[in-house]
Amino acid sequence: MTNQSENSDLMSKIFALAKRRGFIYPGSEIYGGLAGTWDYGPLGVELKNNIKREFWKSMVYARDDVVGIDAAILMNPKAWEASGHVKAFTDPLIECKICHQRYRADHTEEIEVHEAGHTSEVSSIGSKAHLGGEQMWTEPKQFNLLVEAKLGVVEDARQKVYLRGEITQGVHVNFKNVLDSTRVAIPFGIAQIGKAFRNEITPGNFTFRSREFEQMELQFYVKPEGKESKKWYEYWKEERMKWYLSLGMTKKNLRFRRHEEGERAHYAKDAWDIEYDSPFSAKGGSVSGRGWKEFEGIHNRGDWDLSQHQKHSGEDMSYFDAWSNKHYLPYIIETSGGVDRAALFFLIDAYREEKDRVILKLHPKLAPYKVAVFPLLANKSDLVKKARQIYSQLTINHLLQPVAWDDRGNIGKRYLAQDEAGTPYCITIDFDTLKNDSVTIRDRDTTKQKRIKTSKIAEEISSKLS
Ligand code: ATP
């Protein structure tokens, strides 16, 4: 098999596993779906919650210079005019004159694949040959990605609003509120996690490019001097890379890439992406059949946002620095990652096939279930009773996270199901448990089993979670 077909095969397998095990389903599937929308199932919501929890723990709880916020999705539309999104939150759109399919003009790989499709059509049916190369496409036009909605109860007077295209602006409009209501002082940051919406021209590659997705961000306010903002910029770039690695991402699958001059967003003074070596690219990639894709953006936004909001709202957005006795508009270093992209890339990165099993080697902190509990036989009431006891002790007293329960089929099959779900440990309650209060605990990665006292289960699992 070629690398290209191996990679598209891998994506089909991940897609199938995600559906089969309850990670991710197509959005509103029974109605034929809605392009660019996805629903997270029982395991998917846990994976996503775990990613968000780890983000919050490292970015907010572990630091004394970052606080959190949860701003509204709907904002006064003036905020989006001020931030430049109404004018400049655009992608260049081109349309194929043959089949009217639309593409982003900067997605050259997808365009080449599309052209190649028509070329083979042309040679087989001998028509449309006059529409080669550039003539095949309409001139690029700027297409705004903001999703519009209407608010209000009087039909003719309903107000046009936008579903936020990025979660960032809800933070900046609250810069003064946070300053006035907490004890933060520059340098400090505000973290936020929440949904964003974009009318993407070509949603696709599973959840990678969706029209509704979640972002996890930090807006870090620093003195506007070049030296200071560069220092913090480098610091946050490294911190974010370390975070992904600490959760088990394979190092060689991650890299930094600097944006070219013309590629940067309208607000960015400097921009680097953390990219993932994904198994998808429009034509399978030239050598490996893989394609580096944006995972998280780290931007120096300068004082763009605060100065724009100051201008458009008429409110003073400056910071008073008590040390220098001066007012200034701080610079903003932003780290902006996608929760859905993280969930997808963690799934891809963790996927392994062994001789007779498929495993998701998710970091225990991210695994939807930390442990599964099995009574050896479902029809032996004392085994089930003991297993239930252990199950609730683990869930309620110890982990406060979901524990899987499975009493169907043989133990081997139950192990295989948990391997696919990424559950790091399985515990079996058998007849010896009733005699000497011990259980077998089986490790997902090594498949090794050992016997431990029931009183030691919680300790054993916690050691892997810390
Ligand atoms: P792209 O170049 O892929 O369109 P972007 O540069 O527009 O992405 P940003 O505006 O920097 O992305 O958004 C920050 C992060 O939000 C991205 O790194 C990504 O993880 C996530 N994100 C952006 N757009 C989408 C989307 N359509 N679907 C899923 N996640 C997204």
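Pro187 is found in the loop between helix H7 (175-181) and strand E9 (188-197); here helices (H or I, at least four residues) and strands (E, at least two) are DSSP runs, numbered from the N terminus. A cis peptide bond, with omega of about 5°, joins Ile186 and Pro187. This is a predicted model, in which local features need pLDDT of at least 70 and side-chain atom pairs count only at pLDDT 80 or more, while totals for chains, interfaces and linings use all residues. Residues are numbered from 1 along each chain as its sequence is written.

**Overall build**

- The protein has 14 helices and 23 strands.
- Along the principal axes, the C-alpha atoms of the protein fill a box of roughly 75 × 75 × 50 Å.
- Of the 466 residues of the protein, 35% count as buried. A residue is buried if 20 or more other C-beta atoms lie within 10 Å of its own, exposed if 12 or fewer, and partly exposed in between, with C-beta atoms placed from the backbone.
- Among contacts in the protein with a separation of 6 or more, 65% come from residues 24 or more positions apart. Two residues are in contact if their C-beta atoms, placed from the backbone, lie within 7 Å.

**The sheet of 7 strands**

- An open sheet of 7 strands has the order E3-E9-E10-E16-E13-E12-E11, and its pairing is mixed. Two strands pair if DSSP finds at least two bridges between them.
- Strand E3 (66-68) and strand E11 (254-258) are the edge strands, each pairing on one side only.
- On average, neighbouring strands of this sheet are turned by 25° against each other, direction ignored. Axes are lines fitted to C-alpha atoms, for helices over the stretch in contact, and angles run from 0 to 180 degrees between N-to-C directions.
- Strands of a sheet pair through backbone hydrogen bonds, either parallel or antiparallel.
- Strand E12 (residues 270-278) and strand E13 (residues 291-302) are paired in the antiparallel sense over 9 bridges. Ile274 has Glu296 in E13 as its bridge partner, and Asp277 stands opposite Trp292 in E13.
- E11 and E12 run antiparallel and are joined by 5 bridges. The bridge partner of Arg257 in E12 is Asp273.
- Helix H8 (residues 226-246) lies across strand E10 (212-222), E11, E12, E13 and strand E16 (331-338), and runs at about 15° to E16.

**The shell around the ligand**

- The ligand is surrounded by 16 residues, of which Phe213, Gly297, Ser336, Gly338 and Arg341 are the closest. A residue is near a molecule or strand if its C-beta atom, placed from the backbone, lies within 6 Å of it.
- E10, E13, E16 and helix H10 (339-350) each supply at least two residues of this shell. E13 gives the most, with 4 residues.
- The shell divides into 2 nonpolar, 6 polar and 8 charged residues. In this division, Ala, Val, Leu, Ile, Met, Phe, Trp, Tyr, Cys and Pro count as nonpolar, Asp, Glu, Lys and Arg as charged, and the others, Gly among them, as polar.

- E4 and E6 run antiparallel and are joined by 4 bridges; Leu93 has Lys141 in E6 as its bridge partner.
- Ile98 lies in the loop between strand E4 (90-95) and strand E5 (102-104). Ile98 is partly exposed, because 17 other C-beta atoms lie within 10 Å.
- The C-alpha atoms of Ile98 and His118 are 8.5 Å apart, although the two residues are separated by 20 residues along the chain.
- His100 also lies in the loop between E4 and E5. His100 has a positive phi of about 65° although it is not a glycine, and counts as exposed because it has 8 C-beta neighbours inside 10 Å.

- The 20 residues of helix H2 (residues 42-61) should span 28 Å at 1.5 Å a residue, and the end C-alpha atoms are 26 Å apart, which agrees. The expected span of a helix is 1.5 Å times one less than its number of residues.
- Buried residues of H2 include Leu43, Leu47, Ile51, Phe55 and Met59.
- Asn205, in the loop between E9 and E10, has a positive phi of about 55° although it is not a glycine. Asn205 is partly exposed, with 18 other C-beta atoms within 10 Å.
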